[in-house]
Amino acid sequence: MSADLPTTIVIKTTDSCNSACHYCYEENAVDGTVRTIPLDVVEEIYRWAAESGLAKVQLVWHGGEPLLAGICFFQEIFSIQAKYERAGLEYIHSLQTNGILVDDDWIKLFRSYRIGVGISLDGPAWLHDFQRPLSTGCPSHSRVISALDRMTAAGLRVSLSAVVTQKSLGAEREIISFFSALPAESVDFLPMTVLASKLQDHSFLISAIEFSQFMCEIYKEWSRLDEERISIRYLENMIRGITGCHPSLCTFSGRCGAYISIDFDGSLYPCDSFMRAQEFRMGNLRDKTLNTLLSTSRYHTFRADIAQLPHTCENCEILQACNGGCPSERYSGDGKYMRLYPFCGTRRDLARLIAADLNAAGASELLRLPRAIQTEYP
Ligand code: SF4
Ligand code: SF4
């Protein structure tokens, strides 16, 4: 039963949030109500995992802000998990937070259950606080940095994600030196372009060309740093692909089938990128088992459809490094995914820069790559 099954399940722990990021496109509740995913839905996920025959299942706790669900909620999750442990199956947990509520109790929980934590941090205070105020209107940067320091001091490995907006452009050198000075494992840069049509305020949006220029500048600054430089997941994935290793990020690897997303109300979507689009809602775990929903012809048709690639990609010299990008951004309606990925140019520009450096420096440059790049992901 395990062949071709999803192995990473992204769970919308809650739709509530205690931040009021100006660029947020989610319809989160910021009024203090906290609605969490029902525990019977969580139990169904574990039941499926235990019967799946998979050796590893990764559960990614997302939000809204997942820590609003409270420590007791997560303790209940791990009590459910205990019922579905079986030999040969490993549960791996990760959690994406804005870091505001992290305290010693949360750190203890993260350590006890070996939860990999990702924190959203856009850059230096002037940038982060401009974009990511709390729902109270207060700035959040110093609290996020304090959470990061406490977590890493406690031995946790933390990855960061930074949204790139108009405000970030031109500040690449400052941004890279800011992130390089932090005790985090890695940082991922996410362009504020994708869900443009959903945003009321378009002043944060950047074009695909601007993202390409930003990432090329980041690459140049990053490649001048010494061996201990922070891992940048976008660059790391490009380099992996170009040097013949498998990229790990889904938007580079073409392995969309490894992911599913479950909304806080139990609705199943093939991925977060398709979340809350009725066309991609595959049913609800309160009505049907996860196994049943993953066996429908609708789901199988989706999986087959997203494997379509534009003709330009089929003949592309860096196809093994890019794999056509994210299908949600190639979608043109009617089950067709033949539009060219909007960040095609970013990938080509970066590939040219990286290939030129590798050709010039040969193996010695490869040895200077950050440690994380040598690591295989689960
Ligand atoms: S649709 Fe996009 S975001 Fe979702 S798994 Fe595929 S590549 Fe990743
Ligand atoms: S770089 Fe462009 S053409 Fe090449 S695989 Fe990626 S999206 Fe397709």
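Guide: A quick word on classes before we start: Ala, Val, Leu, Ile, Met, Phe, Trp, Tyr, Cys and Pro count as nonpolar, Asp, Glu, Lys and Arg as charged, and the others, Gly among them, as polar. Also, keep in mind that this is a predicted model.

Visitor: How many nonpolar, polar and charged residues does the shell around ligand 2 have?
Guide: The residues around ligand 2 are Thr312, Cys313, Cys316, Ile318, Leu319, Cys322, Gly324, Gly325, Tyr341, Cys344, Arg347 and Arg348. Sort those with the classes above, where Cys goes with the nonpolar ones, Gly with the polar ones and Arg with the charged ones. You end up with seven nonpolar, three polar and two charged residues.

Visitor: Which element gives the largest share of that shell around ligand 2?
Guide: The elements giving two or more residues to the shell are helix H12 (311-314), helix H13 (319-322) and helix H14 (344-361). The largest share is three residues, and they come from H14.

Visitor: And how many charged residues are in the shell around ligand 1?
Guide: Ligand 1 has Cys250, Thr251, Cys256, Tyr259, Cys271, Ser273, Cys326, Pro327 and Ser328 around it. By class, six of these are nonpolar and three are polar. For charged residues, the count is no residues.

Visitor: Is Asn323 buried or exposed?
Guide: Asn323 sits in the loop between H13 and H14, and its phi is positive, near 55 degrees. To count as buried, a residue needs 20 or more other C-beta atoms within 10 Å. Asn323 has 23 of them, so it is buried.

Visitor: What about Arg114, buried or exposed?
Guide: Arg114 is in the loop between H3 and strand E4 (115-120). Its phi is positive too, near 50 degrees, and most residues other than glycine have a negative phi. The cut-off for exposed is 12 or fewer C-beta neighbours. Arg114 has 12 inside 10 Å, so it counts as exposed.

Visitor: Which two residues does the cis peptide bond with omega of about 15 degrees join?
Guide: Most peptide bonds are trans. The cis bond joins Gly63 and Gly64.

Visitor: Which residues does Trp106 touch, leaving out those up to four places away in sequence?
Guide: Trp106 is found in helix H3 (residues 104-112). It is buried because 22 other C-beta atoms lie within 10 Å. Its contacts, with those sequence neighbours left out, are Leu67, Ile71 and Leu101.

Visitor: Which residues touch the most other members of the largest nonpolar core?
Guide: That core has 84 residues. Ile45, for example, is in contact with Ile9, Ile262 and Leu290, leaving aside neighbours within four places in sequence. The two touching the most other members are Ile9 and Ile45.

Visitor: What radius of gyration does the protein chain have?
Guide: The chain has 15 helices and nine strands, and its C-alpha atoms fill a box of roughly 55 × 45 × 45 Å along the principal axes. With 378 residues, a compact globule would come out near 21 Å, which agrees with the chain's 20 Å.

Definitions and conventions: Residues are numbered from 1 along each chain as its sequence is written. Chains are lettered from A and ligands numbered from 1 in the order in which they are written. This is a predicted model: local features need pLDDT of at least 70, side-chain atom pairs count only at pLDDT 80 or more; totals for chains, interfaces and linings use all residues. A residue is near a molecule or strand if its C-beta atom, placed from the backbone, lies within 6 Å of it. Helices (H or I, at least four residues) and strands (E, at least two) are DSSP runs, numbered from the N terminus. Two residues are in contact if their C-beta atoms, placed from the backbone, lie within 7 Å. A nonpolar core is a set of buried Ala, Val, Leu, Ile, Met, Phe, Trp, Tyr and Cys residues joined through C-beta atoms within 7 Å. The radius of gyration is taken over C-alpha atoms; the globule rule is 2.2 Å times the number of residues to the power 0.38.
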